[in-house]
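Here is my note on the model you sent. Please read the points below with the structure open beside you.

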Amino acid sequence: MPEWVESIIRVAIAIGFVLTTVLVLIWLERKVIGHIQQRLGPMRTGFHGFLQSPADAVKLLVKEDIIPAAADRWAFQLAPALVFVPIFLTVVSIPFTRTLVVRNLDLGLFYVFAISSISIVGIVMAGWASGNKYALLGSVRAGAQMVSYEIPLVFSILGVAMVAGSLNLETIVDAQRGLWYIVLQPVGMFIFLVASLAELNRTPFDIPVAESEVVGGPYVEYSGIRWGVFFLSEYANTFIISALAAVVFLAGWRGPLLPGWLWFLIKTYAIILIIFWFRATLPRLRIDQLMTFAWKLLLPLAFVNLLITGLYLVYDWPRWILFVASVAVLAVASRLVYVVGRA
Amino acid sequence: MEVVWRESPSLALANGHGLYHHLPGVITAKTDYLFAMARKSSLWPLTFGLACCAIEMIGAYMAEHDLDRFGVVTWPSPRQSDVMIIAGTAVKKMAEPIKLLWEQMPLPKWAIAMGACATDGGPFQRSYSTVQGADQIIPIDVYVPGCPPRPQALLYGIIKLQEKIMAEASNRKAAV
Amino acid sequence: MAESRLETVDMFINMGPQHPSTHGVFRMVLTIDGEQIVDMKPHIGYLHRGVEKLAEGLRYREVTVLLDRTDYLAALNNELPYVMALEKLLDVKVPERAEYIRVLVCELNRIASHLMFYGAFGADAGATTPFMYAFRDREEIQHFFEAVTGGRLMHNYFRVGGVRYDLPEDWRERLTKLIPHLRKGIVDCERLLSDNEIFLNRTIGVGQISAADAIDYGLTGPNLRACGVRLDLRRDQPYSVYPKLEFDVPTRSRGDCYDRYLLRVEEMRQSLRIVEQCLEQMPDGPSLGEVPRVIRPKEGEVYVGTENPRGEYGIYLVSRGGDYPYRVKVRAPSFCNLMALNEMMRGCYIADCVLILGSIDIVLGEVDR
Amino acid sequence: MLGMLKGLMTTMQSHFRKPVTIQYPDERPDLPPRYAGFPGLIWDANVGEPFCTGCQVCARFCPTQCIYVTMKDNPKVGDGTSKRRKIVDEFELNVSCCTQCAVCVEVCNFDAIEMTHTFEMASYSREQVMNLQDMLSMKEKGGP
C-alpha cells in the first residue's frame, strides 16, 4: 500500500473515532450530570437514551439553516469550519497507543498547541459576523480569555518537555516508565487542567457562552447544522485536551495487564468525568476575576514550576525533592487563590 | 372527543425544498420516518416562561419529572430551539416579542400552549390587557389546559406532540 | 503627525423580555461601556394582566383566585392579607386552629419561595445543580400542599373566617417526614454554594445598598433586612398567631448579594422552626368560623399588610356595600424593591447585573399585576 | 479551595443517591385524595341519574365562567323513582379555561360536582368542551 493511501485511511479512522466519541460524550455528560442532580437523563430514545445524540445530530442536520439579515454572510458561513478544522487537525499527532497514531511528529506537543489555538479565530469571527450584540460580547470575552489562558497552558506543559527532554509525544510517554509525570509535575497538571477548562469554555470558565448572561455567546445566531458543528467541536476539543492530559501526565497507554488502548481510554475518560463533575458543581467566574486569576496566579505559578524544574535538572536533584517542592507550591497557591481572588 | 389537527405549515415548508421532490417516493417516505423519529426525540424548547405556568414548566425540567428523559433540554436562543412552550399569560405588550421569537426559530418548529391563559385567556379572559389565547399570535400545535397544569400534564402534552410529529410523517407516507 | 483618536461609543444592550435570567418577562436596557454598566433603564408591563381591575368585577369569594396569581411563588401568602382585610370589614372571628393552619401553610410556602430563589440565584451565578436540588425539596413541599389544599401552585385555600378544608388525617405523618427532609435539603444547598470561593467572589460587595438608601427606596422584606434594618411585619405588626410563636428575625449588615442570599437561607431555617411549633401547638377545633353565607361587607375601607417572602404585601380593600369589592389595591413588594435596582447596578459588570436582579428576587406577576 | 471541595463532595454524594425521578408515562404519580384536577359530575347510582339538578350556582360563581348548565323537569319524578324534581339537561365545561379553583365544588348545594384526578387533557384543538357524558366519565378517566 502506498504511504498516502495508508495516511488517508488513518486520518479517516481517527476522524470517525473522534466523531463517535463526541456522540458518546454528549450522551455521557447528560447521563452523568443527570445522576449528579438525582435524575436520570435521557431514557426514552434507545436503551437508556443511548440513541439520544444520534437523534440530536440527525435533527440538527435537517433543521433550517438561518443566516440573519444583519450577518456578514461570508464570515458567518466560514466561522464553523474555522473552529472545526483545527480541532480535527490536532487529532493527527495524538498517540492512542504506540502504533495507533496517524503521524508521530517530533514536535508533536508544539504542533497540538499551535494548531488548536487557531480555533479562537473562528469563534471571534462567528461572534462578529452574527451582527448580534450578545454574540459580539461573547466573542470579545472568548478572545480575551483564550489569549490569556494560552500562556499558562503552554508554560505548564513546558515543565514536562524539560523533564522528558523532548516534544515528541511518544518519547514523553516512554519517559514516564515507572513514574507518571503527575507525580513529578503536579503543579503543571493543575495549571494544565485549569487552563484547559478555560480553553474549552467549560464551567467555571464558561464566561463566553454564559447562558444566563450572554445567551450562548458567539453562537447565539447560529442554527441547524452550523450550530451543531460548534457544539461538536466543543466536545471534540474536550476529548482531545483530556487525551493530551492523559498522554502527557498519566503516561498514555502505559499500564499493567490491560491492553494499551484501553488504558488510554480509561485515563482519558477519567479526566473527562472530572470535567463533567466540575461543570455540575461550580458557579461561573466573572470576566475580570478570570483575568486576575490567569495573570496574577496561574502565570506566576507556571513560572515557579519552570524554575523548580530547571533547578532540578541543572543540579540533578533526586526526584522526591521535585515532588515535595511541587506539592508545597500547590499548597501555597491554593491559599493564594483566595487572597488574589479577593483583591 | 374528536381529534383534529392541522399539519404544521412549518414542516411542509422545511421538507418542501431542495432534493426532496426529486427523490423516489420510497426513499422520501423512509427518510421522513427517520427524520420524524429524530425530531420527536430531540425537541428543544426555548427557555421562555411568561407567568405562573413557567414555575410548573421549570418543575417539569427538574429532578422529579425530568424532561431530559424525553431528550428535551432548553436552549436560550430561539435559533437553536424547536418548540416554543408558551407558559403563562401573553399580554398585549408581550405579543410582539413572542411573534418575533417565533419567527426567529428555524423550521420545522412547533408550539405548545401551556395553561389556561395561553389556551384561551383563562382567569384573565375578561381583562383589557391580555391576548385571549396564544393562538391569536402564533400557530399552536398542542394545548395543555389547566391552571397551572401539573408537570405531568405538560409531559403528556409533549407526548401528544411527539405523536403528532410521527403521525405527520406517516400521513405523508400514505400519500406517497 | 496628528494623533488619530479612537472614538468610544456606549453600547446599548437590550436584556429581555426573553432572556434566561430576567426571571420572567422583565426588560432592561443597559448602557454599557465595555463590560461595565453605565446606566440601566427597566421596562415593566410585559405581564400586566389587570388583576386589580378584574377584581372589581368578581365576588369577594372569587378574588382570591386572582390574588393567587399575582405573586405566583407564594400564593398562600397573598391570600392571607386579603382574607384578613375582609375579616376586618366583616368583623368575623377566626378560630384558633384556622389561624395555626394559615401560619403553617404560609411558612411552608415561604420556604418554597425561598428555595425557588436559591435555585434561580444559583443558575444566574452559572451553577446548574442548585436549581435541581432546590426543586427536589420544593417538590416535597408541593406534595404536602397537594394533600392539604388540593393545588400545587395555586391553592385558593383561605376563606373568610378560616380555611377551606381542615388538615387531612395524615398531615402529622406527612409533616414529620417533610421537616427533616427540608432540613437536610437546606444543608445540601448551603454546602453547595455558601462557602464556595467562586460564589463568594461573585457576590460579596456586589449590588451593595446602604440601610438609609434602602429605607428611602421603600425596600421591604429580606432585601431590607440584609442591610441591617430589623423590620419584619410578623414581629413588628403582629397578626394571626405569630405573637405566640417563637422565631428570630435574622439580619445581615452589608446589604450586598451575598447577604441577601444568606439571609434567605437563614429565613428558611426560621420558617422551619415556626412550622415545627405549629405542629406541636396545633389546637383542636373548627377550621372555619361562623361566616355569613353571602359575603356583603358594610361600607368602609381597610388596609392590611403582611410579610410576604418578598416583603410587605398589602391589600387595600374598599367596599361600597354589595357583592363586589369597589377597589382592591395591591401593595406589591417586588415592585417597590425593583426601584432600587438602578442604584445597585450602576458601575457593575454585566455578569453582576444578572446576579443583582436575581438577588432581589422579583416576581413579575406581582410587579405588573 | 475548601468551600469548592465541599460542593464537589456534595455533588459526588448525591451522584450515588437514588434518583427521585418519577418516570411519568410508565409510572403514575401518587396523587393525594384532595388533589384538584378538572371537575367532574357525580353519578347517583341508587337512582340512576346525576346528582346535579342544573341549578346553575356553579355557573354563576365560576370566576372564569367556563360552565354552562341548563335544567329540565326530571322524567323520573313521575314514576316516583327519584325525588329530584329538576335534573341537569345540558352541562358544558370549557376545559381550556377552567382554573381548577374548586369554587364550583364549594358552592354546589347538592354535592354533585367534585374535583377529579384527571389532568391529562392536552389536545390538538383549542375548543375543548366537555359535555354531560364527558363530565360524568371524568372520574373513571383519571381515578378517584
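1. Start with Arg102(C), which lies in helix α4 of chain C, a helix made of residues 96-125. Keep in mind throughout that this is a predicted model.

2. Is Arg102(C) buried or exposed? Its relative accessible area is 1%. The cut-off for buried is under 20%, so Arg102(C) counts as buried.

3. Which side chain does Arg102(C) meet in a polar contact? The partner is Glu87(C), at 2.6 Å.

4. Next, the interface of chains B and C. Chain B brings 35 residues to the contact and chain C brings 33. The size of an interface is often expressed as the accessible area lost when the parts come together. Here the area buried between chain B and chain C is about 2900 Å², and carbon and sulfur atoms give 67% of that. On the chain B side, the residues that lose the most area to chain C are Ile55(B), Met62(B) and Phe124(B), together 20% of what that side buries.

5. How many salt bridges are counted between chain B and chain C? The count is two. A salt bridge links Arg150(B) with Glu146(C), and their closest N and O atoms are 2.6 Å apart.

6. As for which parts of chain B face chain C, α3 (52-61) and α4 (92-104) of chain B each supply at least two residues of the touching side. The largest share, six residues, comes from α3(B). By type, the side of chain B that touches chain C has 22 nonpolar, eight polar and five charged residues.

7. Last, look at chain D, where three strands form an open sheet in the order β4-β5-β7, with antiparallel pairing. β4 (67-73) and β7 (129-130) of chain D are at the edges; each has a single partner strand, so one side of each has no neighbour in the sheet. Strand β5 of chain D, residues 86-94, is joined to β7(D) by two bridges, and these strands run antiparallel. To find this pairing, look for Leu93(D), which stands opposite Met130(D) in β7(D).

Definitions and conventions: Residues numbered from 1 in each chain as written. Chains lettered and ligands numbered in written order. Predicted model: local features only at pLDDT ≥ 70, side-chain atom pairs only at ≥ 80, totals over all residues. Heavy atoms only, no water. Contact = heavy atoms within 4.5 Å. Buried area = accessible area lost by both parts, 1.4 Å probe. Salt bridge = Lys/Arg side-chain N within 4 Å of Asp/Glu carboxyl O. Helix = DSSP H or I, 4+ residues; strand = E, 2+ residues; numbered from the N terminus. Nonpolar A, V, L, I, M, F, W, Y, C, P; charged D, E, K, R; others polar. Pairing = 2+ DSSP bridges. Buried < 20%, exposed > 50% of the residue type's maximum accessible area, 1.4 Å probe, protein only. Polar contact = N/O pair within 3.5 Å; in protein donor to acceptor, adjacent residues only side chain to side chain.
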